[in-house]
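Visitor: I would like to learn how to read a protein model, one feature at a time. Could you guide me through it?

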Amino acid sequence: MINLTATLTLHDGKVQVIEIRVGDVRQTHGGTANPWSAAVEILGFEEPENFRIRGRDWAEAIEDAARFTAVRLSDKVEAAGGGVLDPPFLPRPRLPSSDGSACPIPGEQA
């Protein structure tokens, strides 16, 4: 499991501790185009979020989970009024993997 603790400093000076977790990689949908998945948790905002991100193999599930987490975290910072994360990250395109094969599993919690 990858655990990252970040500090979000909002524009009004308020500071929040954000926990980001990516892990629990497993084969969840054998026999499908995207049989592997990785869990994503984003904690520290008003509502905690849990997702499973699918991929064609275990590495793609981890890669797309990390990419999804960066995009989702950016959205949550923006919704909170904007601010600065420490450690920082670069903005990501809002697209899944290059072939569009990885996606969250609807209704499935981490």
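Guide: Let us begin with terms: helices and strands are DSSP runs, numbered from the N terminus. Please keep in mind that this is a predicted model.

Visitor: Which elements each supply at least two residues of the lining of the largest pocket?

Guide: The general idea is that rolling a probe the size of a water molecule over the atoms shows where empty space is left. Here the largest pocket has a volume of about 310 Å³, and strand 1 (2-10), strand 2 (15-27) and helix 1 each supply at least two residues of its lining, with helix 1 giving the most, five residues. The lining has 17 residues, and those nearest the centre of the pocket are Leu4, Ile20, Ala66, Thr69 and Ala70.

Visitor: Is leucine 4 buried, partly exposed or exposed?

Guide: Buried means under 20% relative accessible area, and exposed means over 50%. Leucine 4, which lies in strand 1, has a relative accessible area of 37%, so this residue is partly exposed. Leucine 4 touches Ile18, Glu19, Ile20 and Pro87, leaving aside residues up to four places away in sequence. Of these, proline 87 is 83 residues from leucine 4 in sequence, yet their C-alpha atoms are 9.1 Å apart in space.

Visitor: And is lysine 76 buried or exposed?

Guide: Lysine 76, placed in helix 1 (residues 58-79), counts as buried because its relative accessibility is 11%. Its side chain makes a polar contact of 3.4 Å with the side chain of glutamate 49. Not counting residues up to four places away in sequence, lysine 76 touches Ile42, Phe45, Glu47 and Glu49.

Conventions. Residues numbered from 1 in each chain as written. Predicted model: local features only at pLDDT ≥ 70, side-chain atom pairs only at ≥ 80, totals over all residues. Heavy atoms only, no water. Helix = DSSP H or I, 4+ residues; strand = E, 2+ residues; numbered from the N terminus. Buried < 20%, exposed > 50% of the residue type's maximum accessible area, 1.4 Å probe, protein only. Polar contact = N/O pair within 3.5 Å; in protein donor to acceptor, adjacent residues only side chain to side chain. Contact = heavy atoms within 4.5 Å. 1 Å grid on protein atoms, 1.4 Å probe; cavity = no way out; pocket = protein on both sides within 12 Å on 5 of 7 lines; lining within 4 Å. Points joined across faces, edges and corners; volume = space filled by probe spheres on them.
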